[in-house]
Amino acid sequence: MRELLLRRDKVLRLVPTYAYVHAVAPEVSDVTDVAFGKALDIAIAQYNYYHYRNHELLLNEVLRCAIDIFIHELSQSGVRLSRDDIEYYSRKFMKMLRCWASSPYVKYLRPRTHVIILERGDEYRGVFAQPDFYDPFSNVFYELKSFDIEKEPKKHVEVQARVFSLLGPLKLIYFSTSGDDYVIKEKSVESDEAVINELWEFIGSYMGAEVEPLDKVVLSYPTVHYVYDKSLKRWRRAF
């Protein structure tokens, strides 16, 4: 089946997952929360990178990385932190980083960007997707959130997870408070092929979609491939 995608006469309309998420779940988020989440995500990815290669990376170094990114992201939005604010968020970062360092998730790395290819008739559309971490042994993807998704459910998290679930088994991992400290919890996400019809329509109408040769995309990215079966009137995963 994969060889059929290498035909040079086909093109693929492509959109990033975030474009679909922003269109379906246009939530207004607090700039401080967004900056904090981004800083934590990058710092944790760095920690895992060095841990995987058996290099010792002290938590204080990871903390400095997180704080630097946090301050930079806020400055881009015109927000300046006081010394007390920096101390408060430094303590929060460190508690979460210590929690992460003692978790089983430190052994996972960020996967390459994948492309979810949708084929219907003679037309091909696709979505760039990159969850935070991947376990190649169990073939499970992980998406990390810096807040408790059960206590603070957010639509954009649900929408993003629906797309990522098309890649394969997906687990959301998230920080939850436990007294004055944090614990990491996880939630399995069932594959939701119903989202494919919505993606198909969105990609077809999205003005900012990229158009690339299909064979180039297949050779450049890991892919999963869904085909619309006319006889069954449903999408099925080809590989």
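Which residue in β9 is the bridge partner of Glu-119? The views below come from a predicted model, and the first of them holds the answer.

**View 1. Strand β9 and its pairing with β2.** The bridge partner of Glu-119 in β9 is Val-227. Strands β2 and β9 run in the parallel sense and are paired over 5 bridges. β9 is mostly covered, with 7 of its 7 residues buried. Side chains in a regular strand alternate between the two faces of the sheet. From β9, Thr-223, His-225, Val-227 and Asp-229 point one way, while Val-224, Tyr-226 and Tyr-228 point the other way. Residues of both groups are buried.

**View 2. The hairpin of β9 and β10.** Strand β10 covers residues 234–237 and pairs with β9 in the antiparallel sense over 4 bridges. Tyr-228 has Trp-235 of β10 as its bridge partner. The two strands, β9 and β10, form a hairpin with 4 residues between them. In the turn, Lys-233 has a positive phi of about 55 degrees.

**View 3. The largest nonpolar core.** This core has 34 residues, of which Ile-116, Leu-118, Leu-199 and Tyr-226 touch the most other members. At least two residues each are supplied by α1 (17–24), β2 (114–120), β3 (123–129), α5 (155–164), β6 (170–178), α6 (195–205) and β9 (223–229). The largest share, 6 residues, comes from α6. A second, separate core has 32 residues, including Leu-40, Ile-67, Cys-99 and Phe-133.

**View 4. Surroundings of Ile-116.** Neighbours within four places in sequence are left aside here. Ile-116 is then in contact with Arg-125, Gly-126, Val-127 and Ala-129, and also with Val-163, Leu-166 and Leu-167.

**View 5. The open sheet of 4 strands.** The strand order is β4-β5-β6-β7, and the pairing is mixed. β4 (133–135) and β7 (181–189) stand at the edges with a single partner strand each, so one side of each has no neighbour in the sheet. From one strand to the next, the twist averages 30 degrees.

**View 6. Strands β4 and β5 with helix α4.** β4 pairs with β5 (residues 140–145) in the antiparallel sense over 3 bridges. Tyr-134 stands opposite Phe-141 in β5. Helix α4 (residues 83–101) packs on the sheet and touches β4, β5, β6 and β7. The direction of α4 makes about 55 degrees with that of β7.

Notes
Residues are numbered from 1 along each chain as its sequence is written. This is a predicted model: local features need pLDDT of at least 70, side-chain atom pairs count only at pLDDT 80 or more; totals for chains, interfaces and linings use all residues. Side-chain values use heavy atoms; hydrogens and water are left out. A nonpolar core is a set of buried Ala, Val, Leu, Ile, Met, Phe, Trp, Tyr and Cys residues joined through side-chain atoms within 4.5 Å. Buried means under 20% relative accessible area, exposed over 50%, partly exposed in between (1.4 Å probe, protein chains only). Contact means heavy atoms within 4.5 Å. Two strands pair if DSSP finds at least two bridges between them. Axes are lines fitted to C-alpha atoms, for helices over the stretch in contact, and angles run from 0 to 180 degrees between N-to-C directions.
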